[in-house]
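Thanks for sending this one over. Have it open on your screen while you read, and take the points one at a time.

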Amino acid sequence: MTGTASFTFDTSAGPRSLSVGYARTGTGQPLLLLHGIGHHRQAWDPVVRILSGERDVISVDLPGFGESPGLPDGLAYDVRTVAGALAALCSELGVERPHVAGNSLGGLLALELGRTGRARSVTALSPAGFWSGPERRYAFGTLWAMRQGARSLPVPLIERLSRSAAGRAALTSTICARPGRRSPEAVVAETLALRSATGFDGTLAAGRNASFTSDVPGIPVTVAWGTRDVLLPRRQGIRAKRVIPGARLVRLPGCGHVPMNDDPALVSRVILDTSHEPMR
């Protein structure tokens, strides 16, 4: 099922109302899936069928992305605020302490939910927040350029490019190692989601001060990195392991920054293995 959940959540400025789009399928323990900046919940489509065989899978459009409207005026798109909104969403959906998997920005949010005791396990795929200054500036510059490109291309040209492997590579090779395998429809939808994301600028601005420097004790944590990630180099995974010494660090051979598209079976297995681990 797909739907929109409306709820109130606490912020530093007091209670605020928010609506969030989501899709939910499967049975078992709840698993919350969080996408990266400029993306939408459909980023997880390649793995949802596999995951839903063992989990109650909830994929979310983060505030200001996909079908979710932006945060209320005056709120920053920082990790604390968005994580608080996600925790309130889970309460609205009747979910207590889900397993959480996130990619990029979603990985950083997943780790924050784990750190604050609101996740049962965490799988972070190429999570943000473990960069050096130059690495962050490179990543943000690349993301900004991708956004400008998506906004400048006419929709008919995006559709035409999506029909060839070379065109799909031109549109998505920064985040996917195997763009030729992707469907034209998915590439078009992803590009349009990037161009229309109302939360993009606010998220990028808040991310300039974002880093993850705390351990995530007491729960299973996996940090997984694609060997062909050109946006956030995999050496950042070593830093993540230093910050979260109890985490399992996993290589995703042949995968790019958004590995769900490149190797759905491997990514699904990493997420499910983490969710099966006993509490630490």
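This is a predicted model: local features need pLDDT of at least 70, side-chain atom pairs count only at pLDDT 80 or more; totals for chains, interfaces and linings use all residues.

**Notes on salt bridges and pockets**

1. Next, look at helix 3, which covers residues 105–115. Here the side chains of Arg115 and Glu112 meet in a salt bridge, at 2.8 Å from N to O. The two residues sit three apart, about one turn of the helix. How accessible is each partner? Arg115 counts as partly exposed because its relative accessibility is 37%, between the 20% and 50% cut-offs. Glu112, at 10%, is buried.

2. Glu135 and Arg235 meet through their side chains in a salt bridge, 2.6 Å from N to O. Glu135 belongs to helix 4 and Arg235 to helix 9 (residues 235–243), so this pair links places 100 residues apart. Is Glu135 buried or exposed? Its relative accessibility is 8%, so Glu135 counts as buried. Arg235, at 49%, counts as partly exposed.

3. Helix 11 (residues 264–276) holds both Asp273 and Arg269, four residues apart, or about one turn of the helix. They form a salt bridge whose closest N and O atoms are 3.2 Å apart. Asp273 counts as partly exposed at 30% relative accessibility, and Arg269 also counts as partly exposed, at 38%.

4. On to the pockets. The largest pocket contains about 310 Å³ of space. Its lining has 22 residues, and those nearest the centre are Met146, Leu171, Ile175, Glu190 and Leu194. Which helix gives the most to this lining? That's helix 4, with four residues. Helix 6 (165–172) and helix 7 (184–196) each supply at least two. By class, the lining of the largest pocket has 11 nonpolar residues, 10 polar and one charged.

5. The second largest pocket has a volume of about 180 Å³. Among its lining residues are Asp10, Asp78 and Arg80, along with Gly74 and Gly84. Helix 2 (79–92) and strand 1 (2–11) each supply at least two lining residues, and helix 2 has the largest share, with three. This lining divides into two nonpolar, five polar and three charged residues.

Note on methods
Residues are numbered from 1 along each chain as its sequence is written. Side-chain values use heavy atoms; hydrogens and water are left out. On a 1 Å grid over the protein atoms alone, a cavity is a set of points where a 1.4 Å probe fits but cannot get out, and a pocket is an open set with protein on both sides within 12 Å along at least five of seven lines; lining residues have an atom within 4 Å of a point. Grid points are joined across faces, edges and corners, and a volume is the space filled by probe spheres set on the points. Ala, Val, Leu, Ile, Met, Phe, Trp, Tyr, Cys and Pro count as nonpolar, Asp, Glu, Lys and Arg as charged, and the others, Gly among them, as polar. A salt bridge is a side-chain nitrogen of Lys or Arg within 4 Å of a carboxyl oxygen of Asp or Glu. Buried means under 20% relative accessible area, exposed over 50%, partly exposed in between (1.4 Å probe, protein chains only).
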